[in-house]
Amino acid sequence: MRVIGYQRRRGAERSWNKRQRRHCSSQMSESRPFVRLLVGLVLTATGVHASCPIELSPPSVVVRYGDPVSVNCSTSEIQHGGMGWEATQGGRSLEYNVQHLTWTVENLTDWPISPSCFLNMPNEQCSRKPKVVLYTFPENISIGSSSGPDGVMREGHEYNITCLVHNVAPVQHLTVTWYKGDSPISRDTFDNGSKKPTDQPSVYSLTPTRRDNGATFRCEAQMDLGPEGPRLNVSSAEHSVTVHYGPDIKSVALNLLEGGTLKSHYLVEGNPTPSVKWMKDGRRIDPSIPLSRNDTGQYVVEAEGASSVKRKLQVFVMYGPELSCPSWYTALENTPNNLTCTVEGFPKPETTWYKDGEEVDLPKNPDRGDAGQYVVTASNNVSSVNVTVEFDVLYAPSPIVELEDSEVEVGSSVLLKCSSGGKPRPTYFWEYYQTANVAEENEDGVTRLLIHNATADNMGSYRCHASNHVGGVHKTARVTVKGAKQECPIEITPDRMVLRYRGPSQNAACRLTSAAAAGNVKEKTHGWDVRGFVTFNESWSADTREDWDARPVCTATFWGMGECNKSLDFTLYKTPDNILIRPVHDAVSQLVEGSVLQLRCDIISVAPAQNLVVRWYQGNDTLEHLIGGPLRVTGCLPENGTNCDIGEIRSPLNVSSTISIPLNRTHSGAEFSCVAQMDLGAEGPQPPPNVMSGPFNVTVHCEFTFTFAAPQSWDKMRGDEGRSINVSTPTQLVTLHPTNTFALHFTSVKTYRNPSLVSSDKPAINSKKLPKRIPVFRGYPEELTCEADGQPPPKIQWLYSPDKLPRVSEDTLTVSEAGIYNCTATNEVDSVFYVVEVILKEDYLPLIAGFVAVTVVAISIVFLFIYSIYYKNTRMRRYSLKNPKPNNHTGNVAHNGWDMQFPMTKLS
């Protein structure tokens, strides 16, 4: 197809070249300018083309063979050199001054036709070709197979079914679809590029199986000519297939019920129907005879049909279950049960256990709750049977109940009760610290322990054991005697031992305190435990060369009490080999007043370091007012995982202690030393051993400021290693630095009076009279007095927040508000400050006093009210002056020991 296409393109190009030559000749004959021809040739040679202004209508046509066809060619170009059609049928010569030209054929029969409309432009010739499809399609197609005239196919053989499409074109638009019944199974397409009619076959390859026997096949041809053409199809007649197969034996095994026959089972199939023969052990078997369970075995089946086949077949005769179980079984709790039931049957029966009507699994490790009556059922697809089994479970004693912790007073009695259930019934025994006031009794599966007149010896644990031949349990209760303290019946002699390194050794004895204790101690539990190494000896002897961390413990384990122990307080000590004092930093030659000197005391090889006390001295005076740093192991790096805890390490160590000393001018020339003392207590050597370091001398350089009072005529003086100091005023301040030596030299040759030298110091605020934090009660102002020393005398100034309103009087500040107050002392040498924080507190005294006063007034009012009621009811009467009636005694209405001047009437 590619070769044909290439040849067609080459032919088209040759045709166009011919037209081009004719066109050029025509142009020359019409005396067109030679320049236009030359330009056209150049453009043609270089391949430069403008778009072709040709329009085809329709651009593509589909035509049945022998039918008419028409395509119109039009152009919008007015200035052209003519247009025409080039075709093997219906071609039209060059026409001028037209805008359209139609190609028409009444009976199209040229299969490879490819018409072309061309247009002569001023500089070139262009053309366009419509797409013309000429087709033919048959009215019917045929189908056949390679199976032979009888149409019979053998299963597994390959056959071809052919569908032949006659006189069809173009083939590349043809599709053949294959159907089995009504279902499509295959589709063929064709890439034949020929435009001429041909007989096109389509072949479907079939390897038939027995399922294809009687199946029908057909093919359907379709031609799709696109949107411009029709959609054509035609179907073949159905082709039926007959498949011969077998004979086949469908199974290699056969299951028959006991009493069934072989003839009743159809195991062989084939087309045509085969004949069957049965053989067993070389003998022919009548398949109509009933079989028993003994007839199970291997048989041979021979079948004759389209072919012959012979196969071995396993025959199984099925029968119902036959079950055998014991009627009574005894098992141990939580142990595998060995109950065995035998069952026979084919297929293998399934065994199911039931208890209380519910399906259960026979417990593999039964417990007491699994005891009872079981029914076991064996069944298969033939029948089922069942047997009843009484299942009994023996079990170890259950957890002990009724035994609880008790607490009693000294001299009281207490009863401990222990009970457990088991099968068979358990027996009991007790473990405790035995004394004469404890009695045991056992009754009806319960054991009791009665303690009379409880003492401290009865304190501890009481363990009850319950057991039978299956197992045992125990439970422990604790008895506490209030008001009594139980002691570990062990004593160590001596209880503390302090030995010198490489000194004489000493023995420590570990004994039981009484015969009762000896009777209650467990075997091989009394002895010494030294660093995890236990020896059952009464005495222990220290090795003074290496028992640094012995930590000996006397231990014993007692019934009821458990393990108790006492530790021997043992110390193996070693005095330091040497003690050195040195500065922490090397620059001791530059010590100046106001700096801090750090000294370090190194103690070499001392043990145990936790008993070491380091004291610092300045001359013969102790420096206890200075806090020294803690003892540290020399060179120890905790970040490397090293144990640096002096309290835990008892072997010899190199340790150090540091102290920080704020220096002033009084320390210049002082001697410092440190003393290491072993504080080992009363049992240690007396007096405690100590080692002193050598002295460490300190030189402190001080800073002075001098005021020179000199005449106006002095103009210069010399100091600071020859440096000249100009004196421009009668008074000159010169600072002498502590690291340099100054000498004053006068350069004048005249004689003057000596200048006066006055020492100057920077201010120092007295912080003892001015605490850092001062509480002030609301309404009670507090006076803050700031005092400072210095030369010249410093000036005091108080600084505070602008929102504060204190009262200032010279060096004293009266404050009543909370806040921060800054005292600043300044002279010509320096300026220092001191900050005081004032905290405002509420004064609750007036509130308390007011509350007390209100309470007193309230109590007084209540008292007066009660007294008035009392006085009214007991001392007063009510009288009226209306209608008085004199009495016989005085003529007055009322009297109470006195004569009344007014006549009255008594009302009450």
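Contact is taken here to mean heavy atoms within 4.5 Å. The structure is a predicted model, in which local features need a pLDDT of at least 70 and side-chain atom pairs count only at pLDDT 80 or more, while totals for chains, interfaces and linings use all residues. Residues are numbered from 1 along each chain as its sequence is written, and side-chain values use heavy atoms, with hydrogens and water left out.

Leaving aside residues up to four places away in sequence, Leu612 touches Ile603, Val606, Leu631, Val655, Ala676, Gln677 and Met678. Leu612 is also among the residues with the most contacts inside the largest nonpolar core, which has 33 residues, and the others named with it are Leu599, Ile603, Trp616, Val655 and Phe672. A nonpolar core is a set of buried Ala, Val, Leu, Ile, Met, Phe, Trp, Tyr and Cys residues joined through side-chain atoms within 4.5 Å; buried means under 20% relative accessible area, exposed over 50%, and partly exposed in between (1.4 Å probe, protein chains only). Two or more residues are given to this core by each of strands S48 (578-583), S49 (596-606), S50 (612-618), S53 and S54 (671-678), with S49 giving the most, 5 residues. Strands (E, at least two residues) and helices (H or I, at least four) are DSSP runs, numbered from the N terminus. A second, separate core of 28 residues includes Val165, Tyr204, Phe217 and Val241. In soluble globular proteins, nonpolar side chains tend to be buried together.

Charged side chains were examined through salt bridges, each defined as a side-chain nitrogen of Lys or Arg within 4 Å of a carboxyl oxygen of Asp or Glu. A search of the whole structure finds 30 of them. In one, the closest N and O atoms of Glu402 and Lys417 are 3.0 Å apart; because Glu402 lies in the loop between strands S31 (384-394) and S32 (406-409) and Lys417 in strand S33 (residues 414-419), the pair ties together parts that are 15 residues apart in sequence. Glu402 is partly exposed at 41% relative accessibility, and Lys417 is likewise partly exposed, at 25%.

Arg650 and Asp549 also form a salt bridge, at 3.9 Å from N to O. Arg650 lies in the loop between strands S52 (632-633) and S53 (653-662), and Asp549 in the loop between strands S44 (539-541) and S45 (553-558), so this pair ties together parts that are 101 residues apart in sequence. Arg650 is buried, with a relative accessible area of 14%, whereas Asp549 is partly exposed at 32%. Finally, Glu155, Arg210, Asp248 and Glu269 are linked in a network of salt bridges.
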